[in-house]
Structure formats: C-alpha cells, structure tokens
Amino acid sequence: MKKDATRIVSAGRKPEWTGGIVNPPVWRASTILYDSVAELRGRGAADTHHKLFYGRRGTPTQWSLADALTELEPGAEATLLYPSGVAALTTALLAVLEPGDQLLMPDSAYDPTRNFANGMLKRIGVETIFYDPLIGGGIAALCTDRTKAILMESPGSLTFEVQDVPAIVGVAKQRGITTLIDNTWATPLLFPVIGLGVDYTILACTKYVVGHSDVMLGSVTAAPGHYQALRAATYELGQTASPDDAWLGARGLRTMAVRLDQHGRSALQVARWLKARPEVARVLHPALPDCPGHDIFARDFRGASGLFSFVLDGGSDAARTTLIDGLEHFGIGYSWGGFESLAIPVDPQRHRSATTWQAEGPLVRLQIGLEDPEDLIADLEAGLARFADARG
Ligand SMILES: *Cc1c(COP(=O)(O)O)cnc(C)c1O
C-alpha cells in the first residue's frame with residue numbers, strides 16, 4: 001500500500017478532470033448547459049455524484065479535493081466540502097439528528113460547536129448531553145434509547161484532552177449510535193479514524209489542509225453507508241464550497257505532510273522547553289505526560305501537530321497579557337494551522353458544564369508555525385520574563 005506522503009501528492013487527480021495539468025484548474029460554474037431537454041431531464045433524475053449538474057453540486061475542482069481527502073481515510077466512502085469547518089460540523093450533525101434525539105458532546109468541544117448545540121439544535125428539539133472528554137468506555141452510562149449520535153473531538157479544543165476513540169466507538173456500535181469526530185488537530189495523516197469505525201470525520205480544512213491562513217473551508221468524510229444521509233442534508237441546506245477555495249485547499253494539501261511534520265517537531269521542541277521553565281506549571285501537549293489522555297495519544301496517534309497550550313504558574317490575566325502582547329514572532333489571532341506562529345489567551349472555564357477547569361494560573365494557547373523554533377523559544381523566554389516581573 002502507498003505511504004501517505006506518496007498518496008497525498010497525486011490523490012484526487014483524474015485525467016478526465018485535469019487533462020495533463022498537474023493541479024486541477026478552477027472550474028467556475030452556476031449554469032451547466034445540456035444538449036437537449038431529454039438530457040437535462042435525464043441528468044436530473046440520475047445520481048449526479050461527480051457529474052456536472054448545477055454549480056452548487058460542484059465541479060471537478062471541488063470533487064478532486066474531496067476525493068483526495070477520501071483517499072487519505074482508508075475505508076471511507078466519500079467526502080463533501082463546506083464553506084467553513086463550522087458549516088461542515090453543523091451539516092453533519094443535521095444529517096444525523098432529528099427532533100427528540102439526544103446528542104453526546106465532549107465538554108472540551110470547539111466553542112462554536114457547543115454554541116450550535118445550545119442554539120439551533122436545542123431549538124429544533126435535540127437535547128445535548130455534555131460529557132467528560134476522558135470518559136472512554138464509561139460513555140455507556142450516558143447512553144439512552146434516545147441517544148442518536150456521539151460527537152468526539154480529540155484532542156479537545158483549548159485543553160487538549162485525548163479521547164479514547166476506539167472505546168467510545170465500541171459502545172456506539174453495540175447500540176447503533178452514529179459517531180462523528182472533529183479531527184482537525186490531527187488530520188487523517190496523524191489519526192485516520194474511519195478505519196477505527198467512526199462514521200463521519202470532520203475537518204476544518206481552514207487549518208492544516210489550506211495551511212496558509214487565507215481560505216475558509218471544511219470537509220466531512222463519511223464511512224460506507226453514511227454518505228447518502230450527509231449528501232441529502234448538504235443538498236437540502238444548499239451547502240457548497242467555492243471552486244477557488246477548493247483549488248487553494250488542494251494546493252495546500254500537496255504539502256500538508258511535510259508541513260505537519262515540521263509543525264509537529266517544532267511544537268514538541270517548544271513544548272519541552274516550556275515544560276522545564278519555572279514560570280510554567282503544566283504543558284498541555286498530547287505527546288507530553290502532563291496532558292490528560294497522553295497514554296491514549298501514545299497508543300493511537302502517529303504523531304502530534306503544532307497546536308498546544310501551557311498553564312502559567314500563578315499570575316493574573318494582566319500578567320499573561322504582558323507575555324502575549326510583547327511577543328515578536330507570534331501573531332495574536334484566532335485560527336491556526338497556517339505557516340505563522342500565533343498566541344492567544346484562553347479561558348476554558350467559560351465553556352464548561354459537565355466538568356470544571358481548574359489550573360495553577362492562566363492558560364496560553366500556541367500555534368507553532370514554520371519559523372525556526374530557536375527564535376520562537378527566545379521570544380517566549382523574554383515573554384516569560386515579562387510575565388514573571390508582572391506577577392511579582
Ligand atoms: C477552527 C476550528 C473549527 C472551525 O473551522 P472554521 O473553518 O474556522 O469554521 C472546527 N473545529 C476545530 C477544532 C477548530 O479549531
């Protein structure tokens with residue numbers, strides 16, 4: 001079988017879509033012209049998967065990226081693209097859930113995912129039960145005959161708890177519950193999940209697939225038997241990603257393996273350095289033992305990406321702010337997965353209901369970019385000195 005680094009170079013490329021062109025060109029379309037009324041009617045009645053029908057259903061530009069993402073998840077049926085990671089998440093959830101259903105969601109879920117559960121899902125009569133991300137097989141105790149779906153996100157947003165995905169999938173399979181995972185942090189390169197029995201895997205392609213901080217894009221890849229429901233919901237909601245954005249996503253994907261490798265190595269170097277600093281209480285990086293679920297990470301993942309948090313030892317929000325505001329190589333901004341480093345203050349206690357977040361001091365989340373890690377470490381060293389001064 002081809003190795004991932006080989007597969008990612010040509011995945012999704014088909015001669016009938018590209019001719020001899022290496023990267024699929026941008027096929028922009030709304031109207032598709034048919035030769036006759038009979039052909040127009042025939043196409044409408046047929047399965048339009050990967051056939052030109054109407055612009056909203058995509059062109060070879062989107063299909064090529066979608067197919068490439070499917071190829072990276074051995075055993076998957078097919079992938080659809082969305083205008084953002086959040087659109088991918090909400091569409092997948094709406095494909096599965098109906099009024100009266102219960103959804104189980106980790107307490108460490110990405111905040112907009114949580115907002116969707118507490119907002120629109122609640123309004124349409126879907127109840128969300130938040131669970132401890134470290135629950136593992138203990139999730140069986142939360143399942144009722146109304147439990148329709150279990151969402152996972154591993155590691156969790158902000159606090160990086162690693163979930164026991166095989167144990168949760170085992171419980172779900174026994175009970176006929178659909179499983180979904182937000183796999184944005186690891187991507188299929190570091191944690192392929194369809195082979196583990198997950199039904200839907202969701203990526204904010206905005207992050208590592210695009211990799212250059214200039215496009216919003218999401219994807220959902222479905223296991224066999226789950227694609228039709230996803231496609232129906234996607235079409236009903238009118239969800240579509242632009243060909244220009246898909247083209248940039250496909251361009252980014254070609255270098256994702258090398259970028260992830262570098263992000264991962266630099267982030268681990270910075271994380272280990274932080275771990276040894278007296279101003280730092282804990283480093284929440286899945287490859288380090290301080291991180292809840294580290295053993296599961298070591299068992300299940302092929303490596304780590306470039307995003308993690310660290311807990312300061314004491315100090316106020318203002319002391320944390322002096323650390324972040326003075327950084328030279330770290331931008332202050334949301335999102336991650338691009339080539340440049342970022343630092344933000346995060347306050348997980350604001351987003352918890354099933355668990356409580358307690359820490360020795362304030363938390364900082366770092367996205368480690370492609371700069372030289374020694375420059376990043378020097379920058380953080382000066383930042384920790386500012387923090388220590390402010391903390392007193
Ligand atoms: C950023 C992010 C998303 C949302 O992606 P957008 O493209 O910004 O909508 C979803 N999940 C996780 C874990 C993320 O970090």
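Around the ligand are 14 residues, of which Gly85, Val86, Asp182, Thr206 and Lys207 come nearest; a residue counts as near if one of its heavy atoms lies within 4 Å of the molecule. The model is predicted, so local features need pLDDT of at least 70 and side-chain atom pairs count only at pLDDT 80 or more, while totals for chains, interfaces and linings use all residues. Residues are numbered from 1 along each chain as its sequence is written, and side-chain values use heavy atoms, with hydrogens and water left out.

The shell around the ligand is made up of six nonpolar, five polar and three charged residues. Here Ala, Val, Leu, Ile, Met, Phe, Trp, Tyr, Cys and Pro count as nonpolar, Asp, Glu, Lys and Arg as charged, and the others, Gly among them, as polar. Helix 5 (residues 85-96) gives the largest share of this shell, three residues. Helices (H or I, at least four residues) and strands (E, at least two) are DSSP runs, numbered from the N terminus.

A backbone N or O atom of Gly85 lies 2.8 Å from a ligand oxygen. For Thr206, a side-chain N or O atom is 2.5 Å from an oxygen atom of the ligand, and a polar side-chain atom of Trp336 lies 3.0 Å from a ligand oxygen. On its own the ligand has 380 Å² of accessible area, and the protein covers 91% of it (Shrake-Rupley method, 1.4 Å probe).

Elsewhere, the backbone holds two features worth a look. The peptide bond from Ser154 to Pro155 is cis, with omega near -5 degrees; Pro155 belongs to the loop between strand 4 (147-153) and helix 7 (165-175). Ser213, a residue other than glycine, has a positive phi, near 60 degrees, and is found in the loop between strand 6 (200-204) and strand 7 (218-222). Most residues other than glycine have a negative phi, and most peptide bonds are trans.

How values were computed: A polar contact is a pair of N or O atoms within 3.5 Å; within protein, one must be able to donate a hydrogen and the other to accept it, and residues adjacent in sequence count only if both atoms are side-chain atoms.
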